[in-house]
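Keep the viewer open and click along as we go.

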Amino acid sequence: MQYYFDGDSNLYGTAGKEFSMPARTKQMGSIENHLKIFVEDYVYTYLYQYGRSGGGKEKLAALIGKHYEIEGQDVLVISGAIQGKETVQQNGVECFSEETWEYIGGQMQTYFKGMNIVGWVHCQPSFGSFLMARDEAFHKEYFKEKWQVLFVVDTMDKLDTFYIYNEDGTGLRQARGYFVYYDRNREMQEYMLENSMIRPREEAQEGTSPQAEAEVFAAEQTEGRERQRRKPSAEERMDAAKEIRRVLQKREKEVKQAKKEHDRLLATVSCVLCAVCVCMGLAMMQSLDRLKMVETELLAMQTSYQTLAEDFEGVKVQSVFAVQQAKDAQAEKPAATEKVTNKKYIVEGGDSLGYISRKFYGDNSGIARIMEANGLKNADMIYEGQALWIPEG
């Protein structure tokens, strides 16, 4: 099937440059409906060579190619890769520097004119092809187009994964699969000759010209292509099948292990939450029991206090009554008579002429004499502090 587009990757009927889907492709994984990714074989091979050349160090690279939108379907064709030279460490993270971007821009002008940066590569030997949070943050900052991708490669374990933006564009997700296509990629061949990972220029034998190096490298690539075109032997097919099974089993084992760890973590969290709920329930039950005991004790204390108050009130009344009785008895009891010899007596509170008569005469017979001696006309008309003469009896 053929499609037509202009230089800005937009469809305009039959006008513009003709584009055909690659004829020779190899599917890796499942078919991705959101974004179809095609990687040229030279690029794919070169990235593995580039990642292994670092001696186990992390490496970055830029992906070069074109983006097409064909009948509403996003298609990404990756036909070049540029090394991420002069990268820097920021908080332990490998990042592109200003020099890196300048180098990439210069290499694009030299080898990949008319193409765009469609993504980047993170080679992380022995760390798998998992997406790191720092990589996702870096991608969202510098690669904002919905079709720009991240390619994570573990060159030691031969694992790789493309990551693309999710449907709402808020984060990255793993692409279901991609295609490796075979084509005469002269641009990438020229870049590889100048930046070979198999036969670096600085290690070439003395006196070897660049043209000779290019011819050797091209011959090696041609030989590799011929090996790919010829029909593999039974032993090679068996080895390839074993390798595929090994990779699939390894990935399946990693998935199972990750699921097992997830289930274990979920079970642990559930047990902890259950234990917390049980402890809280027991604590609440104990608190309710203690509250009931406190309430019972308060009621008992209140009852005891009321009883004590009533008893105290009764005792107080009885005491007051007894004191009053004693005072009345004392008031009624005649005082010891004194010998009367014309003396002055000062009236005290509560005194009466009868009391004064009994005090001095032994009975009430002296009332008239006291009234007569003091000129009193009414026996009840005496007051406290009054001076009375007590006549001799």
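Let's begin with what a patch is: patches are built from residues with over 30% relative accessible area and no salt bridge, joining like charges within 9 Å and nonpolar side chains (Val, Leu, Ile, Met, Phe, Trp, Tyr) within 5 Å. A salt bridge here is a side-chain nitrogen of Lys or Arg within 4 Å of a carboxyl oxygen of Asp or Glu. Accessible areas come from the Shrake-Rupley method with a 1.4 Å probe, and for residues only the protein chains shown count as cover.

Before going on, note that this is a predicted model: local features need pLDDT of at least 70, side-chain atom pairs count only at pLDDT 80 or more, and totals for chains, interfaces and linings use all residues. Residues are numbered from 1 along each chain as its sequence is written, and side-chain values use heavy atoms, with hydrogens and water left out.

Now the overall picture. The chain has 8 helices and 15 strands; these are DSSP runs numbered from the N terminus, helices being H or I with at least four residues and strands E with at least two. Of the 393 residues in the chain, 33% are buried. Buried means under 20% relative accessible area, exposed means over 50%, and partly exposed is in between. The chain exposes about 25,200 Å², with carbon and sulfur atoms supplying 54% of that. Take the contacts (heavy atoms within 4.5 Å) with a separation of 6 or more: 62% of them are between residues 24 or more positions apart.

Where is there a nonpolar patch on the surface? Look at Leu265, Val269 and Leu273, which together have about 280 Å² of accessible area. Leu265 sits in helix 6 (residues 234-332), and it counts as exposed because its relative accessibility is 55%.

On to the rings. A pair of aromatic rings is described by the distance of the centres and the angle of the planes. Rings of Phe, Tyr and Trp (its six-membered ring) pair if their centres lie within 6.5 Å; planes under 30 degrees apart count as stacked, over 60 as edge-to-face and the rest as tilted. The whole structure has 22 aromatic pairs. Phe112 and Tyr191 make a tilted one, because their planes are at 50°, with the centres 6.0 Å apart. This pair links distant parts of the chain, 79 residues apart: Phe112 is in the loop between helix 2 (98-111) and strand 9 (116-123), and Tyr191 is in helix 4 (residues 186-194). Phe112 is buried at 1% relative accessibility, and Tyr191 is buried at 0%.

Next, Phe162 and Tyr178 pair edge-to-face, 4.9 Å centre to centre with 70° between the planes. Phe162 belongs to strand 11 (residues 159-165) and Tyr178 to strand 13 (residues 177-181), so the pair ties together parts 16 residues apart in sequence. Phe162 is buried at 2% relative accessibility, as is Tyr178 at 5%. Elsewhere, ring pairs link Phe96, Trp101, Trp120, Phe138, Tyr142 and Phe143 into a cluster.

Finally, check the backbone. Most residues other than glycine have a negative phi. Glu71, in the loop between strand 5 (59-70) and strand 6 (73-83), has a positive phi, near 55°, and is exposed at 64% relative accessible area. Glu86, in the loop between strand 6 and strand 7 (88-90), also has a positive phi, near 60°, and is exposed at 57%.

Conventions
Buried < 20%, exposed > 50% of the residue type's maximum accessible area, 1.4 Å probe, protein only.
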